[in-house]
Structures are given as structure tokens and as C-alpha cells.
Amino acid sequence: MDFKVFETPATFRGSGPYRYKMARCWHIYACLVVPVLAHAQVPPSVPELTLDTLEVKLAQLASKFPGVTFAFPREETMKGWANMNFKPVQNENDAAAFTDLFLEEFSKYPIELIKLSNLKRVEFVERLAVGKQYRAAVPDYEHEVLYYDVSYVRNQRYSRHVVHHEFYHMLEQEWNGSAFFKDQAWARLNAKDFMYGTGGSEAYGHGDVWSFVHPKPGFINLYSTYGLEEDKAEIWAVLFVPDNWRLVQKAVSEDPILRAKVGYLREFARSKSASMNDSYWRQVSGEVVYPPTPTRKTTH
Ligand SMILES: [Zn+2]
């Protein structure tokens, strides 16, 4: 394409007899505009959103949760734990939104519970995967590090759920010795003939297994049926996000196994941190507490 066709005609550039008129025009224009600019509110300069400016958010998180460090790794993992791999954050807007969401969700835990969890570090990344399977989050319970993919923040409800789901795996490892602890007391809550699958990673590639469809008694979704550890983490997570808790209300109110599982996890939490009592749950779940604490009767 010949860009000369777009060249400004000489007359418009103020050549020849038009030069003076143009000069006057610019003068008048400047007189009109300069006072307007002078009185205009000059917006404060907003620092460009970069991982460096986002360090402020990491510092905010670190001051809120003592003992835990937060980071945006600047290099991709070369040798990840358990075949985990990721890329550094590219989208700073996602990173800013995710760290805000994380702060909001993690602030729901008593500080005492976070200390007891022994969580050491949280890293915010992109293209997080285990092998070639993309994951919203990965808990490295061996090194006490949680990894979150910030791009999932575009699905707020899911991201909030994932923050709590992964943290539960850390709690299980800390208090029951393994993130894959085969909790017999929990297993006994299920129907006698029920058997779990071989683990959460088996669920990937099987379509939407995460929606709360109450596929069978005792389970809020299909993902929970793939492993006992996922079942516990899924129910734990819905307790902390009112939008999700609302979605399972009908199932929980109708299903005695689900009510027993909810009660089990709430009691587990209360045994670690006394402040996680009924009034705590009413505040955090934002709905009716199931099951209601039974009125204790003295028997003789
Ligand atoms: Zn999980």
C-alpha cells in the first residue's frame, strides 16, 4: 500500500497564505484549551500494573498471615514436585484479582488454624499443570506450598471453592499424616456398598464432574466419588463459600449422609480451633447450619 495517499495536503499544514491563519487558529485553540486543562482534575499517576507493583499485594498477604510467604515465581518450573509444572504470571490483571480473592477467602480462617496447618508458602502462577493436565491449584503438602493458577479468577465462584479445597488437603496431611488418609470413620458414613474411585486425577477428561448435582446419597458432585480425600475437600470447600453453600442446601437438607459429613468436618475444625463453632459457621457459610447442634439430654 502506498502511504503517500494519506499525506496531509500542504494547505492544511499551513503553507503559503494559510500559514498565518493556521497560526492564529492554533493560538486561539491553545487559549481555549490551556485554561480548561489547568482546571481539570489531573488524575494521580497510577503505577503500571506489573509483577513488581503487585509485590505490594504479596506484602499485604504476608502481614495478614504471619509465617506464610507469598510469591509470583519469575521463572517456570524446570523440575516440579510430583510432575507439577507452571509458567510465571503473564496477565497482571488476573494476578491482582486473584490475590484479592485469595485474601478475602483465606481471611475466613482463624489465624490459629493457619498456623496449625504449617503452611509455609503460596505461589501464584499460570498454566499450572500436573504432567499435561491443567489444574486450578496444586497442593505440595510435602514442602507445605500451595500453588494457584491466577487465570481461573475469571470464574470467581470456582476459584473461591478451589482456594479452600486445596487448603483442606494440607490440613489432612498435617493432622492425619497424609493428604490421602483413608479415614475409616468418614468411609463408614457412606452407604455400605459404596466404593470410591482411584483418585481425583482419574476424573479429568470425564466432562463436568464438579457441578453440584447430588449424583448419589452422600455426594455433592461426581468429583467427590473419585476419592475419599476429594470428597472431604469438596464438602470442606462448600462450607466457606456462601454462593456454593446455597447450591447444595437442598441436597444437604434432604440427605442424612451429607448432613453427617458436614457435621463431621465442622466438628473436626472446632476440635482444632475452638472459635470455629456454630456461630462461626453461620457467619462463614451464610446459611442455616446443618446439622443443627443437637440439644444434649442427660440420660441416667
Ligand atoms: Zn483435591
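User: What span is expected for α5 at 1.5 Å a residue, and what does the helix reach from its first C-alpha to its last?

Analyst: The expected span of a helix is 1.5 Å times one less than its number of residues. α5 has 21 residues, for which 30 Å is expected, and its first and last C-alpha atoms are 30 Å apart. All of this comes from a predicted model, in which local features need a pLDDT of at least 70 and side-chain atom pairs count only at pLDDT 80 or more, while totals for chains, interfaces and linings use all residues. Residues are numbered from 1 along each chain as its sequence is written.

User: Why is α5 called largely enclosed?

Analyst: A residue is buried if 20 or more other C-beta atoms lie within 10 Å of its own, exposed if 12 or fewer, and partly exposed in between, with C-beta atoms placed from the backbone. In α5, 15 of the 21 residues are buried, so the rest of the structure largely encloses this helix. Across the 300 residues of the protein, the buried part is 31%.

User: How many residues of α7 are buried, and what covers them?

Analyst: In α7, 11 of 11 residues are buried. Among them are E229, D231 and K232, along with I235, W236 and V238. The cover includes α5, α6 (184-187), α8 (242-247) and α10.

User: What makes a group of residues a nonpolar core, and which members of the largest one touch the most others?

Analyst: A nonpolar core is a set of buried Ala, Val, Leu, Ile, Met, Phe, Trp, Tyr and Cys residues joined through C-beta atoms within 7 Å. The largest core has 52 residues, and F124, L146, Y147, I220, V238 and L239 touch the most other members. Elements that give two or more residues include α3 (92-106), β3 (121-130), α7 (228-238) and α10 (256-272). α5 provides the largest share, six residues.

User: Which residues does I220 touch?

Analyst: Two residues are in contact if their C-beta atoms, placed from the backbone, lie within 7 Å. Leaving out residues up to four places away in sequence, I220 touches F212, H214, E234, I235, V238, V248, A251 and L258.

User: Which residues does P217 touch, and where is P217?

Analyst: P217 sits in the loop between α6 and α7. Beyond residues up to four places away in sequence, P217 touches A191, D255 and I257. P217 and I257 are 40 residues apart in sequence, yet 6.6 Å apart from C-alpha to C-alpha. P217 has 14 C-beta neighbours inside 10 Å and therefore counts as partly exposed.

User: What makes β5 and β6 a pair?

Analyst: Two strands pair if DSSP finds at least two bridges between them. β5 (residues 137-140) and β6 have four bridges and run in the antiparallel sense.

User: What is the phi of E144, and is E144 buried or partly exposed?

Analyst: Most residues other than glycine have a negative phi. E144 has a positive phi near 60 degrees and lies in the loop between β5 and β6. E144 has 16 other C-beta atoms within 10 Å, so this residue is partly exposed. H214, also not a glycine, has a positive phi of about 50 degrees. H214 belongs to the loop between α6 and α7.
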